[in-house]
Amino acid sequence: MGRVPGYNFLCGILRSRETGFVTAQRLEAVLAARGFDDAVAQLPDGPFAAEVRRAPGFEGLERGARAETAALRDLLAKYSPSASLEGLLLAPLDWFNLKVAVLQKLTGRRDERLPGPEGSLRFTEVSAMAEAGRYEGLARSFADALGAALAAYNEAGHSTQAFELALDRQRELALLALARDVSSELGSHAGESADLSAALVLSRAALAGIPWTVARHAFAGHVDEARFAELAGLKPAEWAARVGGIGSTVIREVLAAVAAGGDVAEIAAARRRKLATRIRDWRFRPPSAEYAYWWMSRKLADLANLRLALVCRLNGLPEAETRKRIDDGLL
């Protein structure tokens, strides 16, 4: 069965389901619940809630997250006119879990981070691949990216930091290619997101004293990689007169703000709010790839927030700490 020609049908289905989003009030009720069972009682109906109520605990959370993402994947597979849109929306889940699985193998620490919701890859399968050091079961895009990241790990003296930076860069490049294949506007958005990541990595590396031999893996294939190498040898305060030749407006502005003494975390938060505002504005543009991207992004953000809130509750984290981890940028 071929894909449907255009976004009318998909966006019509999505618009009819907008009432299923997690509202700010609903999320607040989950966060403020007295215990795990009370929090579960506040969940909106759907595949995630059904599985969690069937098996209250970590296993129910994982089954629920898989059921929710599977339903979204099936919806896109049936009605999206673009296979790239499906990959663009769900691949980030796989990239994150791939990184977690391999880092657990490289560090030997199995409980350092929990995997996130699953996309197309099962975390247990990826973890088994990492344990065996054999990745034949991965799609070519993931396998090639992982090969580049492991090469960076070895080249930098078994630096897990180099591994993370390299894999994150490969993820950005893969998502950028998918976004450009869907639409020019999504491509532009993904490009700004990738440039923001590059500027933040360069800034944090400079402030933390991370050597260029490690940091450079975050900029593989970037048109301004050589210029970044020059800036990496300077103090941020010396950047102001040297950023003018960088092609990306986002990178120039972020580096100039850091050079002026701005707080990197605050600069990053402001830029991400700007990107989130653009995505939220796409909700007014059905039928289009941009509307579908907003709808799916919002749905995945709802899932991530609910899952995170319940995981934190099971782990006994204080409510205040849980709230710090919630991403409400798309609410």
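**Helix faces, a pocket and a cavity**

Arg252 is partly exposed, with a relative accessible area of 27%; this class lies between buried (under 20% relative accessible area) and exposed (over 50%), for a 1.4 Å probe and protein chains only. The model is predicted: local features need pLDDT of at least 70, side-chain atom pairs count only at pLDDT 80 or more, and totals for chains, interfaces and linings use all residues. Residues are numbered from 1 along each chain as its sequence is written, and side-chain values use heavy atoms, with hydrogens and water left out.

Arg252 sits in helix 13. Helices here are DSSP runs (H or I, at least four residues), numbered from the N terminus. Beyond residues up to four places away in sequence, Arg252 touches Val243, Gly244, Ile246 and Gly247; contact means heavy atoms within 4.5 Å. The side chain of Arg252 also reaches the backbone oxygen of Gly247 at 3.2 Å. Such a polar contact is a pair of N or O atoms within 3.5 Å; within protein, one must be able to donate a hydrogen and the other to accept it, and residues adjacent in sequence count only if both atoms are side-chain atoms. Val40 is 212 residues from Arg252 in sequence and 45 Å from it in space, C-alpha to C-alpha.

Helix 13 spans residues 249–259, and its residues Val250, Ile251, Val254, Leu255, Val258 and Ala259 are buried. Seen down the axis, these buried residues fall within an arc of 160°, so they line one face of helix 13. The arc is that of the directions from the helix axis to the C-beta atoms. An α-helix has 3.6 residues a turn, so residues three or four places apart point the same way. The buried residues of helix 13 pack against helix 10 (184–208), helix 12 (225–232) and helix 14 (264–281). At the N-terminal end, Ser248 caps helix 13, with a side-chain oxygen 3.3 Å from the backbone nitrogen of Val250. Gly261 follows helix 13 and has a positive phi, near 95°.

Helix 1 (residues 8–16) has the buried residues Leu10, Cys11, Ile13 and Leu14. They cover an arc of only 155° around the axis, which puts them on the same side of helix 1. The face turned away from this buried side carries the exposed residues Asn8, Arg15 and Ser16. Helix 5 and helix 15 are among the elements that cover the buried residues of helix 1. In helix 15 lies Ser297. Ser297 is buried, with a relative accessible area of 13%.

The second largest pocket holds about 380 Å³ of space. Its lining has 22 residues, of which Gly46, Pro47, Glu68, Leu72 and Lys299 lie nearest its centre. Helix 5 gives the largest share of this lining, seven residues.

One cavity of 30 Å³ or more is found in the whole structure. The largest cavity has a volume of about 40 Å³. Its lining consists of Glu192, Leu196, Val250, Arg271, Lys274 and Leu275. Helix 14 gives the most to this lining, with three residues. On a 1 Å grid over the protein atoms alone, a cavity is a set of points where a 1.4 Å probe fits but cannot get out; a pocket is an open set with protein on both sides within 12 Å along at least five of seven lines, and lining residues have an atom within 4 Å of a point. Grid points are joined across faces, edges and corners, and a volume is the space filled by probe spheres set on the points.

Methods:
Helices (H or I, at least four residues) and strands (E, at least two) are DSSP runs, numbered from the N terminus.
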